[in-house]
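Keep the 3D view open as you read.

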Amino acid sequence: MDEAPLLSIKNLRIAFPIQVADGYSDLFVVNDVSLNLGAREIMAVVGESGSGKTTMALATLGLIPSPGCIKNGKILFNGLDLLTLDKKTTRHYRGNRISIIFQDPTTALNPTLTVGDQILEAYILHNQNSYIKVQELVIDLLVKVGINDPKRIFDSYPHQLSGGLRQRAIIAMALICKPELLIADEPTTSLDTTIQAQILDLLLDLQEQFGMSILFISHNLALVSQFAHKVAVMYAGKIMEILPAKDIVNKSVHPYTKGLLGLLPSIETRGQVLPSLPGSLSEEDVLSLGCPFANRCPSVKEICHVECPSLSSPTTRHQFACHAVPTINELL
Amino acid sequence: MNDTNLPIVVVSNIVKRFYNRKPGTIGRNSWVIEALKGVSLQIRRGEIVSVVGESGCGKSTLAKSIALLLRPDTGTISINGTATNSLSRNDLRSLGQKIHLIFQDPYSSLNPRLSAGDIIMEPLIIQKVGSRGDRINSVVHALSDVGLRPSDFNKYPHQFSGGQRQRIAIARALVSNPDLIIADEPLSALDVSIQSQIINLLMDLKKKRNLTYLFISHDLSVVSHVADKVIVMYKGHIIESGPAESVFRTPLHPYTNLLISSTPELGKNKRKLCAQRVVDIELGNDKNFACLFYKHCHKASEICHFQTPSPDSESFLTDEHWAKCHFPGHVQPKMQNSS
């Protein structure tokens with residue numbers, strides 16, 4: 001625990017301009033986010049759509065889409081601030097030491113290139129090597145990601161493969177340079193449950209083999225509670241709670257985390273009305289000066305509308321941002 | 001008015017094939033995909049029947065057939081006791097008005113040029129129900145039923161959030177008092193917190209209006225919460241069918257077991273728990289085996305290779321709950337025991 005973290009995000013704020021009555025104003029999609037990810041650790045970032053989890057991940061790769069910009073904060077990777085790097089050095093890190101798996105395997109691959117060439121491309125960009133040697137490397141890796149006949153897949157075009165196979169190819173592409181950090185942006189959302197389970201098993205196996213860290217972005221709390229070491233719950237650009245995944249059922253304190261946990265349907269809830277969080281995540285929540293969750297919170301207080309709670313830490317392992325939760329001492 | 005025990009929909013042994021031309025050829029060189037290979041089921045009034053299975057198993061084709069949007073190649077579908085095979089287009093259309101659909105993606109299923117009120121009113125106009133005043137009344141009524149305000153009548157789809165849009169889609173399905181609502185993955189495009197709101201709404205409406213749902217989903221945790229009866233499909237066949245409690249607590253078919261064990265569950269570390277999870281469910285070529293699941297099944301034995309399992313073997317748990325498998329539930333093949 002005392003080692004320096006592999007990835008350390010400090011007070012990151014990312015803004016997109018929005019039109020208001022008199023000109024433009026900033027909408028903070030990621031607002032004062034800090035988190036630490038250790039080596040060989042799997043951290044899950046969970047949140048609804050619009051909570052800023054993907055934007056945060058893209059910032060790590062220097063890929064914030066155009067009108068958005070990083071207002072302040074640091075992203076330290078092995079102690080080096082990625083935000084201060086020039087374009088060329090960023091490119092050296094991106095895809096090489098930090099890589100990403102996108103959500104939708106149907107759009108993440110180039111339809112005009114064979115799968116093998118695309119994987120190879122990622123390697124050649126960062127390493128000088130002969131085509132033949134790299135080809136062997138790719139085929140070895142395809143076997144590692146659980147593809148039975150790698151030679152055929154190497155020469156196939158993306159449309160000839162099923163969703164599960166495509167996602168495996170994308171995983172191979174992300175891993176070809178043996179990255180230290182893998183960002184997985186909802187890698188299984190568009191897959192069937194049986195395939196989802198296979199892909200997750202595979203990712204976890206590879207994580208052990210390659211010894212990398214994974215930042216796993218998801219909206220499925222039940223899914224990540226199965227394998228992540230730490231879970232960060234995000235809402236409207238802010239981190240609400242960070243805690244070890246094994247504690248999430250029993251020890252979570254934030255009303256939002258608890259709300260999310262309560263509303264999952266299962267065989268046990270048959271015939272009951274599911275508890276639900278009223279309303280939905282809106283732009284006003286993001287713009288609000290107080291706690292962004294205040295409008296939907298069951299245990300809201302007056303202070304919540306005026307002042308935003310900061311992330312407090314009863315222990316370094318468990319942090320939360322909430323006015324309504326009893327004081328830290330009581331919790332300990 | 002109707003007898004409660006009389007099924008609304010009876011599907012018996014339907015087969016639906018899709019033809020495709022071989023790439024690069026002209027004329028009859030077509031290859032055939034059998035999306036449904038002899039499917040039978042019944043939906044009774046007031047029941048929530050849920051069809052589960054992975055993509056490509058034929059669940060949406062089944063839904064479209066029941067909604068009378070596709071004609072099956074063989075087999076019959078009866079709606080309220082009327083067989084639909086020999087009906088003319090016009091008769092089909094009037095029968096189909098008793099069935100309504102809710103689609104997966106509320107962002108593409110609503111016409112962006114119509115206001116919410118007009119979208120919901122459309123079925124009434126097509127069916128020529130009442131005067132304009134009556135229609136507006138029923139639309140306002142439907143809006144309040146799904147938890148929207150009457151003032152939302154004149155708003156356009158882009159002014160609503162995803163959850164609210166799905167509410168509009170539900171209101172449109174409700175407004176003409178259909179006998180059956182077919183919901184094709186109505187929750188999968190929504191966030192979890194919105195999902196539970198919509199589940200509660202659907203269940204609440206069912207109670208209030210005694211609705212019948214055909215609920216298609218691949219999310220087993222949702223299905224286990226809502227369904228009365230579960231139908232598991234695999235490659236165009238129904239492989240297991242039964243009351244939800246029974247199917248989820250004591251699954252008979254190894255495939256159902258696989259589906260249940262791969263569904264994420266809160267706080268349970270299920271990783272590597274399913275020893276029978278067979279590698280590459282998608283890679284197999286099943287054409288040569290009598291049982292379609294043969295290649296992926298940890299129980300597969302010689303008989304599965306040669307004899308198609310049928311539900312009239314010993315694969316019944318109760319009258320209602322059956323599976324197409326030679327070794328259902330805890331029954332183990334003898335071959336394996338001796339070796």
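Keep in mind that this is a predicted model. Start at the place where the chains meet: 39 residues of chain A are in contact with 38 residues of chain B. On the chain B side, three helices each put in at least two residues: α6 (192–209), α7 (220–226) and α9 (254–262). Of the elements there, α6(B) gives the most, with seven residues. And what is that side of chain B made of, by class? It has 15 polar, 13 nonpolar and 10 charged residues.

Now zoom in on α9(B), one of the helices on that side. Seven of its nine residues are buried, so α9(B) is largely enclosed by the rest of the structure. The buried ones are Pro254(B), Tyr255(B), Thr256(B), Leu258(B), Leu259(B), Ile260(B) and Ser262(B). What covers them? The cover includes a piece of the other chain, α7 (193–210) of chain A. From chain B itself, the cover includes β3 (48–52), α7, β9 (229–234), β10 (237–243) and α8 (244–249).

Next, hop over to chain A and look for its open sheet. Seven strands line up there in the order β6-β7-β8-β3-β9-β10-β11, with mixed pairing. At the edges sit β6 (98–101) and β11 (319–320) of chain A, each pairing on one side only. Strands of a sheet pair through backbone hydrogen bonds, and the sense can be parallel or antiparallel.

For a pair to look at up close, pick β3 (residues 42–46) and β9 (residues 230–235) of chain A: they run in the parallel sense and pair over four bridges. Here Val46(A) stands opposite Val233(A) in β9(A).

Definitions and conventions: Residues numbered from 1 in each chain as written. Chains lettered and ligands numbered in written order. Predicted model: local features only at pLDDT ≥ 70, side-chain atom pairs only at ≥ 80, totals over all residues. Contact = placed C-beta atoms within 7 Å. Nonpolar A, V, L, I, M, F, W, Y, C, P; charged D, E, K, R; others polar. Buried ≥ 20, exposed ≤ 12 C-beta atoms within 10 Å, placed from the backbone. Pairing = 2+ DSSP bridges.
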